Amino acid sequence: MEDLRQQIIIAIQSLFQNVNTSASAIWMRLVDALSTIFNIVANEILFSEDNIANTARSLRVTRKDYYLDKALYFQYGDNLVILDNDTKEMGYNPINENNRIIKQATVSTSEGGIILNVATTDNTGNLTPLSSDQLTAFKDYYENFIPLGFNLFIQSREPDILTFPEGMTVYYSAGNSLAQVKNDIESMKTTIQQNIVLGAPLFINDLEKSFQEVSGVEAAYIPDVVSTNGSLTYNAENGRIKLVSGYFNFAEDFGYDACSTNSIKTDLSAWV
């Protein structure tokens, strides 16, 4: 407040060089009053900014993105450190992408609270549950980010398995190698499993669009999808695929039959 008062005095003296500098002068009393008002306004602005920031952080916590981002951020074998002493923000330093073992995560809600399901990958690129040690370490890590009063249940279930009972037809541009298209479709399987955005309804059309991203592929058509998890089996309804775990692997027996010079009909029971 004193700094603000001095700034006002200097400004007035620069305009009126012969002004009375007595503390009892009227203009000095006005300076005191104005500096008090300006100080109150400045404090209110700062208080409002803090409230806005705190509200933004609170709203962020209530979004699914918050839980998914924190899950994918986990580095197995590394310790969290305080990145900002003022905000007490915690994180990793240095960042080590090789230790980020969470490759897929989904969030759902139940009457008891929020359910976070996570998976890592095996050496083939397929999703697989975390080991006991990995899951324990992940839970310990996540305790640092669970908001007070929230019930969060962390689990790592076996992924669902997706099969296409009627196969999949892929139309590709003339001039593309059948072998190359096959390899690219195989690579796309892993990409879809790890990168498709889950936590929302999954539709057959989502898979078709993803396979259409393969170089040279013009269209992909999947008549039906069946999801299996243990003893539970579900057929897609109205194009919507039900996932028990929230994530999935494609069936290992992903096969193909050539239908024409510009298309491949993939039969999941025949891919070798």
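Colleague: Which side chain does the side chain of Asp224 make a polar contact with?

Modeller: With the side chain of Asn235, at 3.5 Å. A polar contact here is a pair of N or O atoms within 3.5 Å; within protein, one must be able to donate a hydrogen and the other to accept it, and residues adjacent in sequence count only if both atoms are side-chain atoms. Before we go on, this is a predicted model: local features need pLDDT of at least 70, side-chain atom pairs count only at pLDDT 80 or more, and totals for chains, interfaces and linings use all residues. Residues are numbered from 1 along each chain as its sequence is written, and side-chain values use heavy atoms, with hydrogens and water left out.

Colleague: Thanks! Is Asp224 buried or exposed?

Modeller: Asp224 counts as buried because its relative accessibility is 16%. The classes are buried under 20% relative accessible area, exposed over 50%, and partly exposed in between, using a 1.4 Å probe and protein chains only.

Colleague: Where is Asp224, and what does it touch?

Modeller: Asp224 sits in the loop between strand 10 (217-221) and strand 11. Leaving out residues up to four places away in sequence, Asp224 touches Thr163, Phe164, Pro165, Glu166, Ile204, Asn235 and Ala236. Contact means heavy atoms within 4.5 Å. Strands are DSSP runs of E with at least two residues, helices are runs of H or I with at least four, and both are numbered from the N terminus.

Colleague: What does strand 11 pair with?

Modeller: Strand 11 (residues 226-229) runs antiparallel to strand 7 (residues 160-163), with three bridges joining them. Thr163 stands opposite Val226 there. Strand 11 also pairs with strand 12 (residues 232-235) in the antiparallel sense, over four bridges, and Ser227 stands opposite Tyr234. Pairing requires that DSSP finds at least two bridges between two strands.

Colleague: How many residues lie between the strands in the hairpin of strand 11 and strand 12?

Modeller: Two, and Gly230 in that hairpin takes a positive phi near 65 degrees.

Colleague: Which residues other than glycine have a positive phi?

Modeller: Lys88 is one of them, with phi near 60 degrees, in the loop between strand 1 and strand 2. Asn238 is another, at about 55 degrees. Asn238 lies in the loop between strand 12 and strand 13 (240-241), and it counts as exposed because its relative accessibility is 80%.

Colleague: Where is there a cis peptide bond?

Modeller: Between Asn93 and Pro94, with omega about 10 degrees. Pro94 belongs to the loop between strand 2 (89-91) and strand 3 (104-110). As background, most residues other than glycine have a negative phi, and most peptide bonds are trans.

Colleague: Changing topic, what about helix 5? How far does it reach?

Modeller: Helix 5 (residues 178-195) has 18 residues and spans 25 Å from first C-alpha to last, close to the 26 Å expected at 1.5 Å a residue. That expected span is 1.5 Å times one less than the number of residues. At the N-terminal end, Ser177 caps helix 5, with a side-chain oxygen 3.3 Å from the backbone nitrogen of Ala179.

Colleague: And which residues of helix 5 are buried?

Modeller: Val181, Ile185, Met188, Lys189, Ile192 and Gln193. They lie on the same side of helix 5 because they cover an arc of only 130 degrees around the axis, taken from the directions from the helix axis to the C-beta atoms.
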